[in-house]
Structures are given as structure tokens and as C-alpha cells.
Amino acid sequence: MSEHNGNLEQVYYDDEIVKKFIMATLVFAGIAFLAGLLAALQMAFHPFNTNLEWLTFGRLRPLHTNAAIFAFAGNAIFAGIYHSTQRLLKTRLFSDTLSNIHFWGWQLIILAAAITLPLGYSQGKEYAELEWPIDIAITLIWVVFAVNFFGTLARRREKHLYVALWFYIATIVTVAVLHIVNALSIPVSLFKSYPVYAGIQDAMVQWWYGHNAVAFFLTTPFLGLMYYYMPKAANRPVYSYRLSIIHFWALVFIYIWAGPHHLLYTSLPEWAQTLGVVFSLMLWAPSWGGMINGLLTLRGAWHLLRTDPVIKFFAAAVTFYGMSTFEGPLLSIKSVSALAHYTDWIIGHVHGGALGWNGFLTFGMIYFLVPRLWKTELYSIKLATTHFWIGFMGIIGYYLSMVTAGITQGLMWRAIDAQGKLVYPDFVETVNQIVPLYWVRAFSGLLFIIGFFLMCYNLYKTIRSAPARSEPQPTEVKNTRWVVAAGHETPHRSLEGMATVFTVLALVAILVGSVIEIYPTLNMHKYVPRDAAIEPLTPLELAGRDLYLREGCYVCHSQQIRPLVAEVLRYGDPSTIAESMYDRPFQWGSKRTGPDLARVGNKYPDLWHFRHMLDPRSVVQQSLMPAYPWMLQKKTDFVGLRKRVTVLKNLGVPYTEEHLANADVMAEKQAAEIGKALVAQGAPEGVENKEIVAMIAYLQSLGQKRKANRTTQVGKAE
Amino acid sequence: MLSAGAKLFTDIPLTVVGMLIFVGFFVVALVWTFHIRNSKFYQKLAEMPFKEGKE
């Protein structure tokens, strides 16, 4: 076979769309970071919750995480993918119209999230809080992105798909699968829905989604960007292209299995937990293979670390990637997880990845792209270097403070004296011990943000110094789409020439683990008989549960007692599968800034909860919890309960005909009983139709749904 | 016959079998990928970001 050079052709790249996504990245980075700073301050000093319902920690935290992941990282991914894909495929993007629909559609989704999350419209699932209309919009815009990307692949002028493109393909395909499967829900109204999964099924699907959102939204696309921009910045090819093949296939195949490591020691079946641990440990190999491949790309160019801020950011980003992907499997080991889970160690781990890997890689990419896209020089290398060091110190401070806080609190939770009693039985003791570290975290976050604003100023001055806009200039490229390489072709290279086959194989790779883990869980009812002794929530308790979701209580409170000695001593018997079998969504949680609530029912009188919700410090002096005074003002939506109960009945919750017909009447009756009991205990009159009563009803029901355990609210109050 | 054969494996944890298949697959993939014969092809592919044409 002979090789020829291909025809020279002219291409007009669409860089306007790349510029738009870069601008959106910067805007939403600012919002995400500032929301994070405010959330950090709220943890250190509760008055920062401001008693405004839409700014309390439970609502702000989902806003922060969604803004950081989908707005900041999302826009950065799209900018980098659209820029590099055109060049690697030597063609303009498939459709300018689709590009713009993608851009504006995504920004509208972010805007919708920024409005609905503070208002409390939340599905109550971590990183998937957005309600169903927004979920549908995400699906549609993702399809637009996919059509635009694969359309570009179809009309490429280069046969071979460079490694970066494989990671983009895996991202597009997998995120679509994850989002659609996890977001399946039945609407009750425009802003309320219940997931089709319940309890353990929901837990399994949610953490399959949650873990792989990190894998396929925050890792694979950024690895693609690394494989493109690091060689470009260092002016050296990637260290080992062959290693990248192993890196890619091993990563996409293994990553998808690791979700259950978020559910260790829970009531998830042991086999699923073991699979999660084993595959998490196996992730060490491909992750470090990728990191080494990235870092060694700088071989012979290490001197650039001294002078080039882009290389500084890239090298640090890849190092943070290595650190996070070492720590992730470590945290998946059951004995380590027993200590670290629910603590701030996990928060430190996540932010090491988010700020160090995603943040620094994005900053490096933007410093690389802006001067090239605006055809000018970077305004100040010194300022960029300052940004690097301030941001770096911020990340280190954040990480160390949170790991220290996590280990400290984890050890305090499990400390047992010679008599077999908890050394720190009062949960708030363990929180107050780490408050100084919350201040260090907030200060470190502030450093990171200062660095970011230095970058914004630097980029503003850079763009201001750019020459006036001129007509787009074409790029001359060789059309090698149909060129046959000299000599033999390796099988993998042939595969890369077949984009469709490659995509299908990547899809199969991620579906194998997904199906093996999720399918048995979805069929669990076949071998775990329904526990007839578990009652569903009463309509009023259901109303309270929906308030629990609205306020984001799950971001600070778990509802899952692990079978560990210290937990059983502190909270009671380990949680069982049956106890959450009707929970849509499950509320096992992932963090304990406050204590576990799985068995809080009947632990305190109604009046205690009443006071606690209105002013937590009135019953727990050192509490960090926000106050919820609006719950005493707002009325419970009794009328809407019939529809909610009907939807849940259709999903399999064993509500009776009476529930369907009289949910509102039943709820009002129970509320009146609780209201009466509250008055008897010293609360003001006229609260029975207020939200706080529904919330109390729900909290008092937790751990009380086994018929044998159940005592009436009235009986308890008396 | 197939089911009779499958019964022989009931005592072996599925995870271990899966692990062996998995490790075997990747060992083969590693050997194949790093085979010296393919070296120059991959070197060429690694240089793709530098052959995008002049902007």
C-alpha cells in the first residue's frame, strides 16, 4: 500500500462558539466559587445562613455543586472540546446553529438551576437535584451536543481519531446513559416529582450516577483535554500513545463499576459493595497510567515549569489528578471508609480533584486559548504566575484542613472508653472540635477565589489589548480522511478509523458494569420479600418528608446507621433494606455535619423539634444548624397531598383507597393532634396547619415504621 | 450439557472468575499494544496535534 499526502483544503474554524463557552466558564466559575465560599462560612459561623430561606446551607450547597460541576466545568469542557475537535478533525463544527442552541440552551439550564435550587425545588438526590423539566432540557441539549459532535466526526478530514477524541466520545455516550437512567421520575406537578426507584434501588442507581458523574463529567473529558493541550503547550507529543490506549479502555471499563464504594457498610448487598471496592482498587492502575503519561509528556520541557504559567497549571492539575485518584481507591477500602465516610475527609478529597484537577486544568487551558483566540499576547505572565501560587496555596490549605477535620471527627465518633461507652456521646462536641478548621477552609477558599479574580483581570486586559476584529482567516489543512498509511495498520488504528464502531464499543464497555450491578438491584424484590411490618409514611409525614427534601437536610444528615460498634451505640440498630423501601428518593446521605437521623423518631418530644427548627441554639447551644423560621409562617399544602399519594401508590407504595381519597383530611387530622400536643407542651396556638408540624411529623416517624416499634405522636407527646 | 458444565463452577466465586478474565484481557491488550512492531505507527499518531495545518 502506498501513502500519499492528501489534498490541501481550506477550513474556517468556528472559534466564536469557543469564545462564548470560555466567557460562560469564567462567569459561572465566579458564581460557583462565591457560593462555595459562602457555604464554607456558613459551616464556620452559622449567622452566615442569614435566616433567608433561599440562602441556607441546605439550598446553597446544591447550588454550589451544580454550578461548579455543570456550569463551570461543563462550559470549560464544551469550550475545550469544540476548539480541539475542529483542529483534530480538520473541519468546522457540524452546525453553527446547533453550536448556538447548545450554548444558549446550556446557559438557560444553568439559569433555571440557579433560580429553582434556592427556591427549594429539588429532587433531593446529590448532583441530580434538578427537577424533571430541567432534566428533560438537559437531555435535549445533550443530544444537540452529541449530534453536533458526531456530525463533525462524520465530515472530518482526518481518518484517525486522536486519543483526546476517544475520551470525548466516552463522555458524551456515558453521560447520556447516566443522566437518563438516574433522572427517571414521575411528575406530580411542574416542580415536583418522585423517582421511579426507591430505597436501596435508588441508592444504587444514584451512586452509580453520582460516582460516574465524577468519572465521565469531571475526569474523562478533562483527560481528553489533557491529551490535547498538554502536548500543545509543551510542544511535545504525548509521552506514550500506546499507554493512552490502555489508559482509555481500562478507565472506561473499570470506572463504571466503582459506584457502590459510596455505600459501604450500608444495607446494600455485600456482593455489590465488594465489587465496588475491588474495581475501585483496580482504578489505581489506569488512573496512574494516565497521570504518568501526562506528566512525562513534559519530558525535556521541565524548564518551562519555571517560566510558563500554562505548563505550571497543567503539571499541577495532573499531579492533583494523581493524588485524587490515589486517594479515591484508598478511601474505598472498607476499613478506611469506616473512618472517613460521612466526614470532611471526603469533602477534602472531592475538592482536591475539583479545584486542583478540574480547576487548574481549566485555568491552564484558558491561559493557553485566550491569547490564541484573540490573536494577542497574555497581558501579564507575572500575574498568571501569582494566580498559580495563590490558587495552589488555597487548594493545599483547603485539602489539609478538611482531611484533618475529617480524621479528627471520624476518630471522635468512634472513640469508646473502657466501659464500652462513647467518649463523645454528644454529637455537637465533635463538630465544635473542627470549627477552627472550617475557618481555615474558608480562608483557603478565599485565596483560591482571589487567584481566580486575578486571572479574570489578566484576561480582561489581554482581550482589551487584542487587535480589532477582522474577517475570519482560513486554515490550510491536508485532507487525509481517505489516505491509507504505508505498511500495515494496527488493529486499534483501524478501529479508530471507524468512529461508529468505536463509539458502540465504548458504550458496551460502560454498559457491562452498569447492567451487572444495577439489574440485580432492580430485581431485588424477587429475593428480598417485602417486609409487611413496614408501614408507608402517613400523608402528613409525606408532606414533612418533601419539606426535608426542599430544605436539603440530606446534605448534613444521613439516614443510614452502619453496622459499626460506635454507630450502633450512638444511633441504634443498623439500618435495614426494608426501612427505606418506600423512600423516593432514598435519603441515606453522604455527610454528617449533624447526626444521623435514621432513628431520631420519638427520641425527643415534639416541642424539642419545634424549638430546634426555629432556633437550633435554643436546644443545642453550640449547634451550627440554620434556623427555619419560615416553617412557622408557611402553610402545609394539604390539598396537593392526594396527588402525591396517588403517584406514590402508582409507583408501588401500599397506600389504601382511603389514603387516595382522603390524604388531605388524614393529614389535617394528624396535624391537629400534633398541634394540640405542642400547645400542651408550651408552643403557641394555631400552628397545626403550618409546615413545621409536617416536618415534626416526619422526623418523629424516622425509625418508627416497624409496626412493633410504632407509638403514636399523641402518645409520645403525652 | 452446558448446564451440567456450569454446575461445576458453583463453588467458585464469580468475582474471582471475573477478575481472572479481566486481568487476562488486559495482559493481552498490554502485550499487543506495546509490541515493538507497532512503535512507529503510534509515534506518528502521537504527533497529530502538531499536524493540524497552519492557522
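User: What volume does the second largest cavity have?
Analyst: This is a predicted model, where local features need pLDDT of at least 70, side-chain atom pairs count only at pLDDT 80 or more, and totals for chains, interfaces and linings use all residues. Residues are numbered from 1 along each chain as its sequence is written, chains are lettered from A and ligands numbered from 1 in the order written, and side-chain values use heavy atoms, leaving out hydrogens and water. A cavity is a set of points on a 1 Å grid over the protein atoms alone where a 1.4 Å probe fits but cannot get out, and its volume is the space filled by probe spheres set on those points, joined across faces, edges and corners. For the second largest cavity that comes to about 370 Å³.

User: Which residues lie nearest the centre of that second largest cavity?
Analyst: Lining residues have an atom within 4 Å of a cavity point. The lining of the second largest cavity divides into 15 nonpolar, 9 polar and 7 charged residues, with Ala, Val, Leu, Ile, Met, Phe, Trp, Tyr, Cys and Pro taken as nonpolar, Asp, Glu, Lys and Arg as charged, and the others, Gly among them, as polar. Nearest the centre are A:Glu579, A:Ser580, A:Asp583, A:Leu702 and A:Lys705.

User: Why is the pair of A:Phe21 and A:Phe78 called tilted, rather than stacked or edge-to-face?
Analyst: Rings of Phe, Tyr and Trp (its six-membered ring) pair if their centres lie within 6.5 Å; planes under 30 degrees apart are stacked, over 60 edge-to-face, and the rest tilted. Here the centres are 5.4 Å apart and the planes of A:Phe21 and A:Phe78 sit at 55°, so the pair is tilted.

User: Is A:Phe21 buried or exposed?
Analyst: Buried means under 20% relative accessible area, exposed over 50%, and partly exposed in between (1.4 Å probe, protein chains only). A:Phe21 has 0% relative accessibility, so A:Phe21 is buried.

User: How far is the charged end of A:Lys334 from the ring centre of A:Tyr265?
Analyst: A charge sits over a ring if NZ of Lys or CZ of Arg is within 6 Å of the ring centre and within 35 degrees of the ring normal. A:Arg592 does this over A:Tyr342, at 3.8 Å. For A:Lys334 over A:Tyr265, the distance is 4.8 Å.

User: How many disulfides are there over all chains?
Analyst: A disulfide is a pair of cysteine sulfur atoms within 2.5 Å. The sulfur of A:Cys553 has its closest cysteine sulfur in A:Cys556, 8.6 Å away, so that is too far for a bond. Over all chains, the count is 0.

Key:
On a 1 Å grid over the protein atoms alone, a cavity is a set of points where a 1.4 Å probe fits but cannot get out, and a pocket is an open set with protein on both sides within 12 Å along at least five of seven lines; lining residues have an atom within 4 Å of a point.
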